[in-house]
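Biologist: Hello! I am new to reading protein models. Could you walk me through one with me?

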Amino acid sequence: QLTPSSFLRIGQLSNVDLNEDVRELETELPQQHPNEIPHNEKLLSLKYESLDYDNSENQLFLEEERRINHAAFRTVEIKRWVICAMIGILTGLVACFIDIVVENLAGLKYRVVKGNIDKFTEKGGLSFSLLLWATLNASVVMVGSVIVAFIEPVAAGSGIPQIKCYLNGVKIPHVVRLKTLVIKVCGVILSVVGGLAVGKEGPMIHSGAVIAAGISQGRSTSLKRDFKIFEYFRRDTEKRDFVSAGAAAGVSAAFGAPVGGVLFSLEEGASFWNQFLTWRIFFASMISTFTLNSVLSVYHGNAWDLSSPGLINFGRFDNEKMGYTIQEIPIFIFMGVVGGILGALFNALNYWLTMFRIRYIHRPCLQVVEAMLVAAVTATVGFVMIYCSRDCQPIQGSTVAYPLQLFCADGEYNSMATAFFNTPEKSVVNLFHDPPGSYNPMTLGMFTMMYFFLACWTYGLTVSAGVFIPSLLIGAAWGRLFGISLSYLTKGSIWADPGKYALMGAAAQLGGIVRMTLSLTVIMMEATGNVTYGFPIMLVLMTAKIVGDYFVEGLYDMHIQLQSVPFLHWEAPVTSHSLTAREVMSAPVTCLRRIERVGTVVDILSDTSSNHNGFPVVESNPDATQVAGLRGLILRSQLIVLLKHKVFVERANMSLVQRRLKLKDFRDAYPRFPPIQSIHVSQDERECMIDLSEFMNPSPYTVPQEASLPRVFKLFRALGLRHLVVVDNRNEVVGMVTRKDLARYRLGKEGLEELSLAQT
């Protein structure tokens, strides 16, 4: 049995060793990349900073808030609604842009390849067609991968784990920049057109979040333009609320599901919530769906129709054909179990693959090569499956966009080609709605197997791509297969319509991979436009989540953990009541006096070994009777602004300071505060004094050192703190709790584990 103190010692020991190793690596290999990066999921990275959702209530802030009267607050509220409307409109337009470009480029590619295959089927030499298809795919994906790998690596993947971390309070570098948005949009167009097993829905969420973060700040730091609007919202608290609205708008543009968007933001993202926020977010989602709908309707030439609310439309499910009876519910639950097991398998495979990628494929050029390889393999697999398939279906009465005849008789088309020769979204809709008998069970079985491995290999490549649509497609394929085999078993009785089972299979597979429950139920209900399926979909998703969680955690949580992000869950680990704040906190703490020498401040800020971001301020002159008690807390960013504007006591006395600093000076420096190295302080100025009284937060949150870990955790998590000062009974500072101290403790297989911290 380990005592808590020996626990701590272990933590500190492993700390030291790791840092030494990292330093040795740096000294041995000055320029070259190491071939293998040692990576361990039991680490917590120190490169992520926390966001500060707690307003610093210093004198400047209080003065400004007192000056604002009721009318001014009303204009602020109106501005919030305006921003939400703008977020909705822009997210909808970005979704339209992606949709229209993908449709045209993919259509062009399929026409070229189809013409080529038709030509060579007659006179032999089909390997040329294969070469053409594979080359087209690989070259398109190469462009998409190069821009991600070399310009903005954060744009890789679906972006949902990153947004989840941002809303949890972790500052992931570059995650909401304009550059990320541009690369994300171009990257997702190229990877879908390149025929990878990906969807364009996941990245919409990230795009919406970037748009929201940009608009709400009223300026672009990337373009160095300041529009002088919305200055009140330049702080983490406000920005976060708008980012959750942007994420919701992204979901509702992708699936045409405004309520689902709000619930997604609630379930996956936002850590903080209130009613006004819900209503504003719903407004943004509604506007986003409506914008997408009207623009696409005009583009398709029926301006008054408004028939395409989202990027993916599952089409309408009619009650007459597609009702379900009570005895089918056990069947649906069984499908949920299958989905959970397959989803867990998908996640486990992807976990090992990602570990391999982090260790060996960390150079941009290797990542691009891997992406091209996957693209070529995807095309080859598709071609070989179409070539070997003998499944022919009559053309008349079917709604196939690019019917490939290949070796079928005249007036027939190859049904395997409809699955591979289409964007994944179209294939999903076909699997839901094609009449019974349009697919051979053999075709579906082969397709499911191949696509499962392709999608698993593709997620985590250095391209922008979502995992929603591939999982829906895999699930729809095995669901339809399940439905067909049921109707064989029951001698073709009426209730086994394969389309219904395709829908349940899709829900089960997606639920088994990403483990969302509430929002996914509503998204599926809104996308199919049918409420009667709410109950079976909910059952399927619950079963899939329970079964999947038994084996391995959800895909997004897994990727967050692999990135070693200090992510705080809703609750502290269950068995952690024995730990107290004294064992969790970081000590000793670097404190500043209330009136401090400038030289001391500069040295503390420039010290690279301790990159603290908050410093407790203590009483300046402790004599024998008075204890150096806690007086406030000041942030690194505030200190840097003070040094930059040279707010020193001596200069104030000599009336050299032109004006008092206002809150605006701090807001203009947000979010990219200059590094301390860029601020020049002369030797004379180092001897000046700096008075922190009106800039520090005089009422920081504190806990006594006896508080238990769950209590500290609750306070920290619910208020979205960045620093929590630990004091003793004389109000002296004994330690500081930050996000990393709390995220270190996690429930593992054997009970409570403590992760070690690493500089990587």
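Biologist: How many nonpolar, polar and charged residues does the lining of the second largest cavity have?

Modeller: Happy to start there. This is a predicted model, where local features need pLDDT of at least 70, side-chain atom pairs count only at pLDDT 80 or more, and totals for chains, interfaces and linings use all residues. Residues are numbered from 1 along each chain as its sequence is written, and side-chain values use heavy atoms, with hydrogens and water left out. The lining of the second largest cavity has six nonpolar, four polar and three charged residues. Here Ala, Val, Leu, Ile, Met, Phe, Trp, Tyr, Cys and Pro count as nonpolar, Asp, Glu, Lys and Arg as charged, and the others, Gly among them, as polar.

Biologist: What is the volume of the second largest cavity?

Modeller: Rolling a probe the size of a water molecule over the atoms shows where empty space is left. A cavity is a set of points, on a 1 Å grid over the protein atoms alone, where a 1.4 Å probe fits but cannot get out; lining residues have an atom within 4 Å of a point. A volume is the space filled by probe spheres set on the points, which are joined across faces, edges and corners. For the second largest cavity that comes to about 120 Å³. Its lining has 13 residues, and the closest to its centre are Asp52, Asp54, Leu633, Leu635 and Asn697. Strand β11 (residues 630-635) gives the largest share, three residues; strands (E, at least two residues) and helices (H or I, at least four) are DSSP runs, numbered from the N terminus.

Biologist: And where does the largest cavity lie?

Modeller: It lies between domain 1 (77-300) and domain 2 (320-562), because both give residues to its lining; the domain bounds come from an automatic or database domain assignment. The largest cavity holds about 150 Å³ of space. Tyr110, Gly195, Thr378, Phe420 and Asn422 are the closest to its centre among the 18 lining residues. Eleven of the lining residues are nonpolar, six polar and one charged.

Biologist: At what angle do α3 and helix α10 pack?

Modeller: Two packed helices are described by the angle between their axes and the distance between the axes. Axes are lines fitted to C-alpha atoms, for helices over the stretch in contact, and angles run from 0 to 180 degrees between N-to-C directions. For α3 and α10 (residues 275-299), the angle is about 35° and the axes are 7 Å apart. Their contact has 16 nonpolar, five polar and four charged residues.

Note on methods: On a 1 Å grid over the protein atoms alone, a cavity is a set of points where a 1.4 Å probe fits but cannot get out, and a pocket is an open set with protein on both sides within 12 Å along at least five of seven lines; lining residues have an atom within 4 Å of a point.
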